[in-house]
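Good morning, colleagues. Please look at the sequence and the model on the screen while I go through the main features.

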Amino acid sequence: MLLTKEKTAFYLADLETPVGKLINLTIAGLVLLSSGIFVAETYNIPDVVRFHLNILDNIILFIFALEYFLRFWSAEDKVKYVLSFYSIIDLIAILPSFLGAIDISFLRLLRWFRILRLIRFIDKKYLFGISSEDGVIFARILFTLFAIIFVYSGLIYQVEHPVNSKVFTTFLDAFYFSIVTMTTVGFGDVTPTSELGRLLTVLMILTGIALIPWQVGDLIRRLVKTANQVETVCPGCGLAFHDADAVFCKSCGTKLYKHSQSKVK
């Protein structure tokens, strides 16, 4: 039976039915697998393994392209979808491979942004067993920090490895450099030599100064807020913790019964 546009859009966003959850978990798993392939290709692996990894990545690329087409086809407002944040990230994930035949070097850098596709799934709090709003926020903050470091590591490796292969030998070297640079530790034992590599280093430092304290501060504020909440199970949606003076559930609006409260330890 052929799927209608409405059913296609529903399953691509659904997390309640087995089919919708399977689709979303599969796509999230493929994002992680493709990112792992990029990392593995930076190591000295046998040609036969590299060949099979390339085939696997092409299969994943085809699935991503099919998903993008289905999301575009099923969208009610196609212009709004194309210009949306998630659509742009999805397009970045597949564009470099489709334009691989064109000698545009910077396009190959975009493939490291594929990890950002997981942002869509982090916001779906029940996909990975996260059952609270605070849990989603914690996951989003931690993932944002990891994704930024991962992307910068891939970019600096792609830029520096061809001209500075003795220093940036593998992805791990680039990952180490990104962490010590973004945390402003700067040991100086690994340094870029190309102009683009130095520019990326400056961007890493600025990102580390601006973003990491903000994200960590937000995480601490959330932890403090959660510690000051009380256990009041909502009879409507089952949300367990609310502010001490809450009368209605912040998630579904159902009236709360105070006799079920107990302090969070």
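**Architecture and packing**

From the N terminus on, the elements of the protein run α-α-α-α-α-α-α-α-α-α-β-β-β. That makes 10 helices and 3 strands, where helices (H or I, at least four residues) and strands (E, at least two) are DSSP runs, numbered from the N terminus.

This is a predicted model, in which local features need pLDDT of at least 70 and side-chain atom pairs count only at pLDDT 80 or more, while totals for chains, interfaces and linings use all residues. Residues are numbered from 1 along each chain as its sequence is written, and side-chain values use heavy atoms, with hydrogens and water left out.

Of the 265 residues of the protein, 40% count as buried; buried means under 20% relative accessible area, exposed over 50%, and partly exposed in between (1.4 Å probe, protein chains only).

I turn now to one helix pair. Helix 2 (residues 18–40) and helix 3 (residues 47–74) pack at an angle of about 145°, with their axes 10 Å apart. Here axes are lines fitted to C-alpha atoms, for helices over the stretch in contact, and angles run from 0 to 180 degrees between N-to-C directions.

Next, the aromatic residues. The structure holds 10 aromatic pairs; rings of Phe, Tyr and Trp (its six-membered ring) pair if their centres lie within 6.5 Å, and planes under 30 degrees apart count as stacked, over 60 as edge-to-face and the rest as tilted. W112 and F150 form a tilted pair, 5.8 Å centre to centre with 55° between the planes. W112 lies in the loop between helix 6 (105–109) and helix 7 (119–122) and F150 in helix 8 (residues 133–160), so the pair ties together parts that are 38 residues apart in sequence. W112 is buried, at a relative accessible area of 0%, and F150 is also buried, at 5%. Ring pairs link F38, W112, F146, F150, F171 and F175 into a cluster.

Finally, S194 lies in the loop between helix 9 (171–182) and helix 10 (195–227). S194 is buried, with a relative accessible area of 16%.
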